[in-house]
Amino acid sequence: MVDTTKELPLESEAELARRPAPMERLVTIYGGSGFIGRHVVRALARLGWRVRVAVRRPDLAGHLQPLGAVGQIVPVQANLRYPASVLRAAEGAEVVINLVGVLHESGRQSFEAVHSFGARQVALAAREVGARLVHMSAIGASGDSEALYARSKAAGEAAALEVVPGAVVMRPSIVFGPEDDFFNRFAAMARLSPALPLIGGGGTRFQPVFVGDVAEAFARAVDEKARPGTVYELGGPEVMTFKQLMELLLAEIDRKRLLLPMPAGLAAFNARFLELLPNPLLTRDQVRLLGYDNVVSEAAKAEGRTLEGLGITPTALGAILPGYLWRYRKAGQFSRPEAA
């Protein structure tokens, strides 16, 4: 039995002097206003870090302010295409995090500009100010991929590790959570469309990971609990095919829809026109990307380069999806699937 009456030893004055004061340490997060970014900001604010959020439009990042104490979270302007702004945002930071990414190209926001050139500029800024670097990539990043997205992500990883050899790279699978662009998008389609497409037959495997777990992984990397110079692969506890994910989605929103297999060639043809929209439902590059499984590799599992290796227990889909997909049911929160 533990002796609860025994007092813990008091810290010496020297130990207290060495301990950082609250909000004394600064982290700069590039792309911190997005879906994943806001959760990383929240996780670091809870740990007491001062958080500088570098974004193209600071005036649109006001939603981050309530995630911390007054003055703890400060948005600043930076654009990865302009190195001077990137360096200015990194000044004084102990850690730099790069979360900037795009799912499709638009104007000057090309994959090369954002994922490759931009990643190098962030890494150069981190090296210049003497900061540690945590870089977000994606499972499936490969220089041999047919998808430009995956090739540009691989180029960004290489640039980050070349410039800052001790950088920590995080590769998540599909990230889910209240503001995600995956389950929300297909649930919205299911409200209007009588069918959902299964591109390539729906056999591609995914390992969806909860955004809160991804944010915790970044927080632990910032807290120096990740191995420097290591690429971590972040996946949830379940590996499911695209078809199984759509079946789970439909069951959760209590809607019956036809799951229509669509050959990759036909999907690419349709995507040729869909990608002309300002916010395309599908692009040809995404069709190519769907030809590859998106799961944690056996090598990463064996080497402890996973959520579990960081001491994080992955969160299951069933624990989170009901909390935000209810709004796609016919009667919202008043329409719940009957318990089995």
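**A helix residue, then the sheet**

Analyst: Gln121 counts as buried, because its relative accessibility is 10%, under the 20% cut-off. This is a predicted model. Gln121 sits in helix α4, residues 111-129. Setting aside neighbours within four places in sequence, Gln121 is in contact with Leu80, Pro83 and Val86.

Next comes helix α3, which spans residues 83-90. Helix α3 lies across β1, β2, β3 and β4 (95-98). Its direction makes an angle of about 150° with β1.

Now the sheet itself. Seven strands form an open sheet with parallel pairing. The order is β3-β2-β1-β4-β5-β6-β11. β3 and β11 (231-234) stand at the edges. Each has a single partner strand, so one side of each is left without a neighbour in the sheet. On average, neighbouring strands of this sheet are turned by 20° against each other, direction ignored. Strands of a sheet pair through backbone hydrogen bonds.

Take one pair in detail. Strand β1 covers residues 26-30. Five bridges join β1 to β2, and the two run parallel. Leu26 stands opposite Arg50 in β2.

Gly68 lies in the loop between β2 (50-55) and β3 (73-77). Is Gly68 buried, exposed or partly exposed? Gly68 counts as partly exposed, because its relative accessibility is 26%. Gly68 touches Ala45 and Ile73, not counting residues up to four places away in sequence. Gly48 is 20 residues from Gly68 along the chain, and their C-alpha atoms are separated by 8.7 Å.

Two further regions complete the tour. In helix α6 (residues 183-192), the buried residues include Phe183, Phe186 and Ala190. Asn184 and Arg185 are buried as well. The buried residues of α6 pack against β7 (175-176), β8 (195-199), α8 (242-253) and α12 (322-325).

The other region is a patch on the surface. Leu266, Phe269, Phe273 and Leu276 form this nonpolar patch. Together they have about 460 Å² of accessible area. Leu276 lies in the loop between α9 (264-274) and α10 (284-289). Leu276 counts as exposed, because its relative accessible area is 69%, over the 50% cut-off.

Notes
Residues numbered from 1 in each chain as written. Predicted model: local features only at pLDDT ≥ 70, side-chain atom pairs only at ≥ 80, totals over all residues. Heavy atoms only, no water. Patch = residues over 30% accessible without salt bridge, like charges linked within 9 Å, V, L, I, M, F, W, Y side chains within 5 Å. Areas by Shrake-Rupley, 256 points an atom, 1.4 Å probe, with all protein chains shown as cover. Salt bridge = Lys/Arg side-chain N within 4 Å of Asp/Glu carboxyl O. Helix = DSSP H or I, 4+ residues; strand = E, 2+ residues; numbered from the N terminus. Buried < 20%, exposed > 50% of the residue type's maximum accessible area, 1.4 Å probe, protein only. Contact = heavy atoms within 4.5 Å. Pairing = 2+ DSSP bridges. Axes fitted to C-alpha atoms, helices over the stretch in contact; angles between N-to-C directions.
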